[in-house]
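Subject: Structure for you to look at

Hello,

Here is the structure I promised to pass on. Please open it beside this message and find each residue as you read.

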Amino acid sequence: MGTNEDRDRDAIGELSSLDDPVRRRLYDYVRTCDEAVSREDAAKAAGISRTLAAYHLDKLSEAGLLTAGYARAAGRGGPGAGRPAKRYTRTDRELSVSVPPRDYALLAGVLAGVLAEAVAADGSGAVREAVAAAAHAAGRSAGGEDLTAALRGCGYEPATTAAGSIDLRNCPFHRLAREHTELVCWLNLHLVRGVLEAGGQQPGRAVLAPRPGRCCVVVDPPVQESEDAAVRRPHGGGR
């Protein structure tokens, strides 16, 4: 399995791959794309040649920061579609380095396990509600008027959809979520609701919507008050 020193040495090598500004631009572009990215698209996004993009993308893949594979463009198949092209996607790996090495992930896993057992054993639901309250308070502390910035500050990768909802493209607690899915989803839900409330928005916009490769929470578009309701609402003042 390797020691903490070994893991940190590997992580330092992987993170050093992002020191190059061109390589970082390519990585950030691929990371924000839902579909696998071709060398041509990545080169255009980074403003460089296809050959240079291919070199850097392969280096990022070798470092474990991207996953490479071969596929045709979406909607293209059959005779005349051409050969599959090399494409790149993000990985779910989490990279962190501490000097001297510290294994906070181990502690987090132990605490999450204890908490999950406590939630399961508590028939009253008090522990579950305590988790929700703590997550909500943390979200309120991290929130602000700029919702996107606040979510990023909490470790999420928010992306606004054409329908106006906010898709969280990652789970900041992915490693823990694999073993304690229900607990982490509950925590995510109330953390995001706290962030919304801190920004003066409707906490109920955050709803559970688990999907592969995404956070279990989606932020729905704001509820717009109908014109009829606005007309019927009494105005201040009296006769």
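Below is what was found, taken topic by topic.

Please keep in mind that this is a predicted model.

**Salt bridges**

Let us start with the charged side chains. How many salt bridges does a search of the whole structure find? The count is 13.

One of them joins Asp58 and Arg39. The N to O distance there is 3.1 Å. Look at where the two residues sit. Asp58 belongs to helix H4, while Arg39 belongs to helix H3, which covers residues 39-46. They are 19 residues apart, and the pair links distant parts of the chain. Are Asp58 and Arg39 buried or exposed? Both are buried.

Now move to Arg50 and Glu40. These two also form a salt bridge, with the closest N and O atoms 2.7 Å apart. Arg50 is in helix H4 and Glu40 is in helix H3, so this pair ties together parts that lie 10 residues apart in sequence. Arg50 is partly exposed, at a relative accessible area of 41%. Glu40 counts as partly exposed too, because its relative accessibility is 42%, and that class runs between 20% and 50%.

The next pair stays inside one helix. Lys59 and Glu62 meet through their side chains in a salt bridge, at 3.8 Å from N to O. They are 3 residues apart in helix H4, so about one helical turn separates them. Glu62 is exposed, because its relative accessible area is 63% and the cut-off for exposed is over 50%.

There is also a network of salt bridges. Which residues does it link? They are Arg24, Asp28, Arg31, Arg90, Glu157 and Arg169. Try to select these residues together on your screen.

Lys59 has a relative accessible area of 30%, so it is partly exposed. In sequence, Lys59 and Arg23 are 36 residues apart. In space, their C-alpha atoms are 8.7 Å apart.

Ser49 is the next stop. Where is Ser49 found? It is in the loop between H3 and H4. Ser49 is partly exposed, with a relative accessible area of 41%. Ser49 and Arg39 are 10 residues apart along the sequence. Their C-alpha to C-alpha distance is 9.3 Å.

**Two buried residues**

Now turn to Leu151. This residue lies in helix H7, which runs over residues 147-153. Why does Leu151 count as buried? Its relative accessibility is 0%, and buried means under 20%. Leu151 and Gly139 are 12 residues apart in sequence, with 9.0 Å between their C-alpha atoms.

Ala132 is in helix H6, residues 126-142. Ala132 is buried as well, because its relative accessible area is 4%, under the cut-off of 20%. Along the chain, Ala132 and Asn188 are 56 residues apart. Their C-alpha atoms are separated by 9.0 Å.

**Aromatic rings**

How many aromatic pairs are there? The count comes to 0. Arg128 lies over the face of Trp186, 3.8 Å from the ring centre.

**The second largest pocket**

Rolling a probe the size of a water molecule over the atoms shows where empty space is left.

The second largest pocket has a volume of about 580 Å³. Its lining is made up of 29 residues. Which of them lie nearest its centre? They are Asp92, Asn170, Cys171, Pro172 and His174.

H9 provides the largest share, with 4 residues. Sorted by class, the lining has 12 nonpolar, 7 polar and 10 charged residues.

**Where to begin**

Start with Asp58 and Arg39, the buried pair. Then compare Arg50 and Glu40, which both count as partly exposed.

Best wishes

Terms used: Residues are numbered from 1 along each chain as its sequence is written. This is a predicted model: local features need pLDDT of at least 70, side-chain atom pairs count only at pLDDT 80 or more; totals for chains, interfaces and linings use all residues. Side-chain values use heavy atoms; hydrogens and water are left out. Rings of Phe, Tyr and Trp (its six-membered ring) pair if their centres lie within 6.5 Å; planes under 30 degrees apart count as stacked, over 60 as edge-to-face and the rest as tilted. A charge sits over a ring if NZ of Lys or CZ of Arg is within 6 Å of the ring centre and within 35 degrees of the ring normal. On a 1 Å grid over the protein atoms alone, a cavity is a set of points where a 1.4 Å probe fits but cannot get out, and a pocket is an open set with protein on both sides within 12 Å along at least five of seven lines; lining residues have an atom within 4 Å of a point. Grid points are joined across faces, edges and corners, and a volume is the space filled by probe spheres set on the points. Ala, Val, Leu, Ile, Met, Phe, Trp, Tyr, Cys and Pro count as nonpolar, Asp, Glu, Lys and Arg as charged, and the others, Gly among them, as polar. Buried means under 20% relative accessible area, exposed over 50%, partly exposed in between (1.4 Å probe, protein chains only). A salt bridge is a side-chain nitrogen of Lys or Arg within 4 Å of a carboxyl oxygen of Asp or Glu.
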